[in-house]
Amino acid sequence: AILGPAPVALFAYVYSPEYIETCDSLSKVPNRASMVHSLIEAYGLLKHMSIVKPHLATIEEMAKFHTDSYLEHLHKISQDGDNDDPQSVDYGLGYDCPVVEGIFDYAAAVGGATLTAAQCLLDQKCEVAINWAGGWHHAKKDEASGFCYVNDAVLGILRLREKYERVLYVDVDLHHGDGVEDAFSFTSKVMTVSLHKFSPGFFPGTGDLSDTGLGKGRWYAVNVPLEDGIKDDRYYQIFTSVMQEVWAQFNPEAVVMQLGADTMAGDPMCSFNMTPVGVGKCLQYVLQWQLPTLLLGGGGYNLANTARCWTYLTGAVLGKSLSSEIPDHEVSQHTHIHISALSLSHGCSHTHLHIPTSTQTCSFIVSHKKSDPQNHPLVFTVC
Ligand SMILES: [Zn+2]
């Protein structure tokens, strides 16, 4: 008898109790990792995925992107959580990225988890790999930024590049995926696409339409600046218009998607009016390409809504539609869950929600390229 290839476990979910505990300790999103995991467990979704234990990234692995001096400094101050080291300011550590004891171990855990997920894809142990506690897209090679100490998305892409010629990065976080774009701005092997709020004074301030990559990477960075108030239908329309062109022109072999949930209605960022359904449709659009796909989390500051969103998206990946209430037979085993339903709670008052009016419409990418098709692999006709 001829043995066929070993059956592929379709979905990998990176998890260990230690990993969740480490991520929970991050001050900006306290206990979010365990809220997300608990809700996914409560909905009975774990049994449909292979649970993969993450490894800790080694210094060598993190140094594939980060500089030795940044990693050495992070390691040094992590020992006693020294928040007053004068050198720290050079590395972006302080205000937005406070130093706490063990911060290096946190970075190694997050980086390692995304590398573990990427490796599952490389080894063809799965077709979709999930690390909701990853997606820290702002970190630079020598600088922490916007709550991000290690850029696990970049590390994951670099790992996938060991096998795949062209890797597509898709970022639907509220904020511009600047750290990932910067990392690959000079290469045509990684295309980065970021849809984000773009507004004066809004972090990180980059990601304008005209920001398209540099040198050989020119036209391989795509930015879709958006205004406040955008909802599911419009977002999906823009997303698919852009992705259709990206797909046709770039022909990716693997995809990394960052699914930051700070776009949700009710997020303290009070900017976009998305629901998990709208983001789920964007995710489905990417998944229908049937490429090796690495899914990451990111922002999401209404913690319960973020757990609802990523649970919903996990269900979408698995082809399971979830009821708005946790199934009874599961609830009994998880009485510690305080998130009773999948529908969003609204954390900010309506006076702060930016509902677009007829005059304040959502703007978006209009067009890209000028004329030369050789130098302009992407032409958008979105409007
Ligand atoms: Zn964000």
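Which residues does His138 touch, not counting residues up to four places away in sequence?

1. **Contacts of His138.** The partners are Ser145, Gly146, Cys148, Asn151, His175, His176, Asp178, Gly179, Phe203 and Pro204. Contact means heavy atoms within 4.5 Å.

2. **Basis.** This is a predicted model: local features need pLDDT of at least 70, side-chain atom pairs count only at pLDDT 80 or more, and totals for chains, interfaces and linings use all residues. Residues are numbered from 1 along each chain as its sequence is written, and side-chain values use heavy atoms, with hydrogens and water left out.

3. UniProt, in an unreviewed entry, lists His138 under "active site". UniProt positions follow the numbering used here, feature names are shortened, and annotations may be inferred rather than shown by experiment. His138 sits in the loop between strand 3 (128-131) and helix 6 (152-161). Helices (H or I, at least four residues) and strands (E, at least two) are DSSP runs, numbered from the N terminus. His138 is buried, at 4% relative accessible area. Buried means under 20% relative accessible area, exposed over 50%, partly exposed in between (1.4 Å probe, protein chains only). The side chains of His138 and His137 form a polar contact of 3.1 Å. Such a contact is a pair of N or O atoms within 3.5 Å; within protein, one must be able to donate a hydrogen and the other to accept it, and residues adjacent in sequence count only if both atoms are side-chain atoms.

4. **Zinc site.** Asp173 (OD), His175 (ND1) and Asp262 (OD) are the protein donors of the zinc ion, at 1.9 to 2.1 Å. Their spacing in sequence is D-x1-H-x86-D. His175 is in the loop between strand 4 (167-171) and helix 7 (178-183), and Asp262 in the loop between strand 7 (254-258) and helix 9 (276-287), so the pair ties together parts 87 residues apart in sequence. Donors are N, O and S atoms within 2.8 Å of the metal (3.2 Å for Na, K and Ca); water is not among the atoms, so sites may look incomplete. His175 is buried at 6%. Asp262 is buried at 1%.

5. **Cysteines.** The whole structure holds zero disulfides. A disulfide is a pair of cysteine sulfur atoms within 2.5 Å. For Cys148, the closest cysteine sulfur is in Cys97, 6.8 Å away, too far for a bond. Cys148 is buried at 1% relative accessibility. Cys282 is buried at 0%.

6. **Thr293.** This residue belongs to strand 8 (residues 293-296). Thr293 is buried at 1% relative accessibility. A polar atom of the Thr293 side chain lies 2.7 Å from the backbone oxygen of Leu291.
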